[in-house]
Amino acid sequence: MIRVLIVDDQPLIRAGLRGILELEDDLEVVGEAASGRQAVQQARDLPVDIILMDIRMPGMDGIEATAEICANPTLAHLNVLVLTTFETDEHVMAALRAGASGFLGKGAQPEAVVEAIRLVARGDALLSPAATRSLIERVLREPRAGQAELQERLQVTVEELTEREREILVLVGEGMSNDDIAERLAISRHTVKTHVNRAMTKLGAHDRAQLVVIAYESGLLRSR
C-alpha cells in the first residue's frame, strides 16, 4: 500500500485528487494539508510514502516545504511529487533542487497521476524525456550564484564515479527508467538500481531527480 499526503491550498483540487486515488486498491490517502507548514508537520506525524505537493501556497510554499522535508534524515523514506500548473515553471527546477522526486502538471489525466505516484514510490520515475530536456536547459541557462565554485566541487566528486555509473547516469539524465536502462545495457534491473543508488550516494543526491540536476551542474552530462 502506497500512503499519500495531498498538499494543495484549494479544497476542490484536494477533493478531486482524493477521489481519484481512493479508486485504486494500492493507494491510500492518509492526510491532506492546505499549506507547506501543514505538509511538514503531517510528514512528521503521519505514515506517509508520497507527498503530492502544490507549489504556490500562502505562507510556506511547496518549494520551502520540500526543502525542509527532504533535509530531514528521519524522512528519507518519503518522496515528494510536485504538482504544478505549467511544466516549464521555474519553480519546478527549484523544487527539484530542494529534493523533489519529480513533477507532474495539473492538467495530467487521472491515470497519469496514479502511475506517477507508483513510479516515484518505486524509485524509478524522474521526468519525461521532454520535461528532462526542458529542465536541464534551464539549469544550464540560468546558473546560480557561486556556480563556478559548485561546479569545481562537483567535478571532483564525479571523478569518484565508476565508468558504469557514469554510463547509467547519462541514461538516467535522458529520463530513462531502470527497466529501460536494463534493457539497453543488457543487465538486470537490480544491477541498474545498485549503480544508481551508489551514484546518488557519491554525489549527495536525495533521489534521481536531484541526481540528474547535480550531474548537469557538475558538467558531467553536458560534456557527453
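**Entry 1: α8 and α11**

I began with two helices of this predicted model: the axes of α8 (residues 163-173) and α11 come within 10 Å and cross at roughly 105°. That makes α8 roughly perpendicular to α11 (angles of 65 to 115 degrees count as such, under 35 as roughly parallel, over 145 as roughly antiparallel and the rest as oblique). Axes here are lines fitted to C-alpha atoms, for helices over the stretch in contact, and angles run from 0 to 180 degrees between N-to-C directions. Helices (H or I, at least four residues) and strands (E, at least two) are DSSP runs, numbered from the N terminus.

I then listed the contacts, meaning heavy atoms within 4.5 Å. From α8, Leu 169, Val 172 and Gly 173 meet Arg 208, Leu 211, Val 212, Ala 215 and Tyr 216 of α11.

I checked burial in α11 (residues 208-218): 11 of the 11 residues are buried, so this helix is largely enclosed by the rest of the structure. Buried is under 20% relative accessible area, exposed over 50%, and partly exposed lies in between (1.4 Å probe, protein chains only). Arg 208, Gln 210 and Glu 217 are among the buried residues of α11.

**Entry 2: basis of the values**

I number residues from 1 along each chain as its sequence is written, and side-chain values use heavy atoms, with hydrogens and water left out. Since the model is predicted, local features need pLDDT of at least 70 and side-chain atom pairs count only at pLDDT 80 or more, whereas totals for chains, interfaces and linings use all residues.

**Entry 3: the sheet**

I traced an open sheet of five strands in the order β2-β1-β3-β4-β5, with parallel pairing; two strands pair if DSSP finds at least two bridges between them. β2 and β5 (102-105) stand at the edges with a single partner strand each, so one side of each has no neighbour in the sheet. Neighbouring strands of this sheet are turned by 25° against each other on average, direction ignored.

I looked at β1 (residues 2-7) next. Five of its six residues are buried, so β1 is largely enclosed by the rest of the structure. β1 runs parallel to β2 (residues 27-33), with six bridges joining them, and Ile 6 stands opposite Glu 32 in β2. The chain passes from β1 through α1 (residues 11-21) to β2, and this β-α-β crossover is right-handed (with the strands pointing away from the viewer, the path from the first strand over the helix to the second runs clockwise). With β3 (residues 50-54), β1 pairs in the parallel sense over four bridges.

**Entry 4: Val 4**

I picked Val 4, which lies in β1. At 0% relative accessibility, Val 4 counts as buried. Its bridge partner in β3 is Ile 50. Not counting residues up to four places away in sequence, Val 4 touches, among others, Leu 21, Val 30, Leu 52 and Ile 117.

**Entry 5: α1**

I found α1 lying across β1, β2, β3 and β4 (79-84), running at about 165° to β2. Arg 14, Leu 17 and Leu 21 of α1 are buried. Seen down the axis of α1, its buried residues fall within an arc of 70°, so they line one face of the helix; the arc is that of the directions from the helix axis to the C-beta atoms. The buried residues of α1 pack against β1, β2, β3, β4 and α5 (110-122). Exposed Pro 11 and Leu 12 sit on the face of α1 turned away from its buried side.
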